[in-house]
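These are my notebook entries on one structure. I record what I looked up, entry by entry.

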Amino acid sequence: MSNFNSSRWLLNRRHALRGMGVAIALPMLNCMKWDSLKAAETPPPAAVKRSVFIYVPNGVNTLTWQIQQAGADYQLTSPLASLEKHRSQITPISGLYHPSGIGQAHECDKIWLTGAKVSQEGGAFRNTISADQLMAETVGAATRFSSLELSVTGGTLAWSRDGVPLPAERRPISIFQRLFGEEAGGVEAARRRLDRRASVLDLVLENARSLRSQIGVEDRSRLDEYLHSVRDVELRTERAESWLDIPKPAIDKATEAQVSRNIAPAEAGDYYRTMYDLMVLALRTDMTRVVTCMSGSESNGLAIPEIGVPQTRHELSHHNGDPEQLRRLTMCDTFLAEQFAYFLERMQAYGEGGDTLLDSTQVLWGSGMAYGHSHGNANLPTILAGGRALGLRHGQHLDYNLPKIGQYDMTDSRKHYGICSRPVDSNARLNNLLVTMLQRMGVETENFGDSLGSISEIVA
């Protein structure tokens, strides 16, 4: 019988199961915890780095949302009260904006993680690569899925290097099947399907290249974008095939039953929590290290009848100052913050080599719009959480407005809406935060989009 009081049973975190030429990384086990003896023998491995991005559509009721004190002694407002227990793991940030977002009211979700100056050339929306995909290029090779794109009501936050949107999955049962389900018809059937897809892609590329020599310069540019998109699918196909012989993690029946149900979006609370449970499950089994989730698109946020909000979030955002609509918008804000608090709690529940899953995961939760009624897109609602093991530090409200305005006057709605329409500090850019997060993930860059540098206040 093994002596569990000795250090002989400890395994190196890099230990792998090897066979048939394949190495399968093990999940974090209790027997991989480092005591002083083991640490003295071998340096501990570098922490796994993860990132999650969660989007809130149509901004918030900024009159009830706005935190009015900067620094460590800030008071969370009523809609954010559920985050009090996570105070040491979060940094609310006020005053950030996307310079490119001014005048781009209906593209706020599309540029939230790109900060691109979007255009409508030839009737086609143009974007640039999103921050999550830059991270996926850096850390994605170690996992079955380089990134995971989810959505509650449609839309996506993820954009490829060619500015092509990556589709997001919105059905929990489909998400679970993709992550942990058996391949339909078995591995060999899946391999044949991927081989057929590869053959089709080869034929498409061959025909497209032949066509390229016969068309004009402008059409060639558009065709090249298309070919890049096809190449992206080709790479994903190759990646999927390379993982076919590596078993997916086994999930216990109780967990599977909880997260793989057919849940109607009308059951909003259950729906959101199930999506968050799936995200936690994907991260802790190391199926991916980069996740984006649209909690609603600008045009299609969920109604929440269970709390007495029958309107969609888009309807509520165009409140025209109606007190009842504003009250319901605050109820919706409160609900979304509570679901986020649930996600943070679940992330903190899982230990990993002395840290928690949240410690190794930086989470950005926010919106590309401050308030929806007039499409104000400065002073963006933003909360950064987690990532202690990545070098982030929390416990303060970082406010770029107060040094210039002195204090908030929440009794004058027009004055506050003005702060949310035009930035108080033109240097306070959301891309500054994104470049900071990119660097925490090991992406070697000093800038991203129109960033002016990283944010030192959030780095330990």
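Entry 1. I take a residue as buried under 20% relative accessible area, as exposed over 50% and as partly exposed in between, with a 1.4 Å probe and protein chains only. The model is predicted: I use local features only at pLDDT of at least 70 and side-chain atom pairs only at pLDDT 80 or more, while totals for chains, interfaces and linings use all residues. Residues are numbered from 1 along each chain as its sequence is written, and side-chain values use heavy atoms, with hydrogens and water left out.

**Entry 2. N127.** I looked up N127 and found that it counts as buried, because its relative accessibility is 8%. N127 lies in the loop between β6 (124-126) and α4 (131-139). I take helices (H or I, at least four residues) and strands (E, at least two) as DSSP runs, numbered from the N terminus. The N127 side chain reaches the backbone oxygen of K110 at 2.8 Å. With the side chain of T114 it makes a polar contact at 2.9 Å. For a polar contact I require a pair of N or O atoms within 3.5 Å; within protein, one must be able to donate a hydrogen and the other to accept it, and residues adjacent in sequence count only if both atoms are side-chain atoms.

**Entry 3. The chain as a whole.** I noted 14 helices and 13 strands in the protein chain. Of its 460 residues, 51% count as buried. I count a contact when heavy atoms are within 4.5 Å. Among contacts with a separation of 6 or more, 70% join residues 24 or more positions apart.

**Entry 4. D109.** I found D109 in helix α3 (residues 108-111). D109 counts as buried, since its relative accessibility is 7%. Which residues is D109 in contact with, leaving aside neighbours within four places in sequence? They are Y55, L157, M294, S297 and E298. The C-alpha atoms of D109 and M294 are separated by 8.7 Å, although the two residues are 185 residues apart along the chain.

**Entry 5. Helix α14.** I checked α14 (residues 430-440) and found nine of its 11 residues buried, so the helix is largely enclosed by the rest of the structure. The buried residues include L430, N431 and N432. They pack against β3 (50-55), β4 (90-94), α4, β11 (361-366) and β12 (382-386). The axes of α4 and α14 come within 10 Å and cross at roughly 10 degrees. That is why α4 is roughly parallel to α14. My axes are lines fitted to C-alpha atoms, for helices over the stretch in contact, and angles run from 0 to 180 degrees between N-to-C directions. Angles under 35 degrees count as roughly parallel, over 145 as roughly antiparallel, 65 to 115 as roughly perpendicular and the rest as oblique. A131, L134 and M135 of α4 meet L434, M437 and L438 of α14. By class, this contact has six nonpolar, no polar and no charged residues. Here Ala, Val, Leu, Ile, Met, Phe, Trp, Tyr, Cys and Pro count as nonpolar, Asp, Glu, Lys and Arg as charged, and the others, Gly among them, as polar. Just after α14, G442 takes a positive phi of about 90 degrees.

**Entry 6. Helix α9 and its partners.** I then compared the two contacts of α9 (residues 268-284) listed here. The axes of α9 and α11 (residues 323-348) come within 10 Å and cross at roughly 30 degrees. α9 is therefore roughly parallel to α11. Residues making the contact include Y272, R273 and Y276 of α9 and F335, Q339 and F343 of α11. Their classes are 12 nonpolar, two polar and three charged. The axes of α5 (residues 172-180) and α9 come within 10 Å and cross at roughly 10 degrees. These helices are therefore roughly parallel to each other. Among the residues in contact are I175 and F176 of α5 and M275 and L278 of α9. The contact of α5 with α9 has 10 nonpolar, one polar and no charged residues.

**Entry 7. Positive phi and a loop residue.** Most residues other than glycine have a negative phi. N58, not a glycine, has a positive phi of about 65 degrees. N58 is in the loop between β3 and α2 (62-65) and is buried, with a relative accessible area of 3%. D286, also not a glycine, has a positive phi of about 60 degrees. D286 is in the loop between α9 and β8 (290-294) and counts as buried at 19% relative accessibility. A250, in the loop between α7 (217-242) and α8 (253-259), counts as exposed at 79% relative accessibility.
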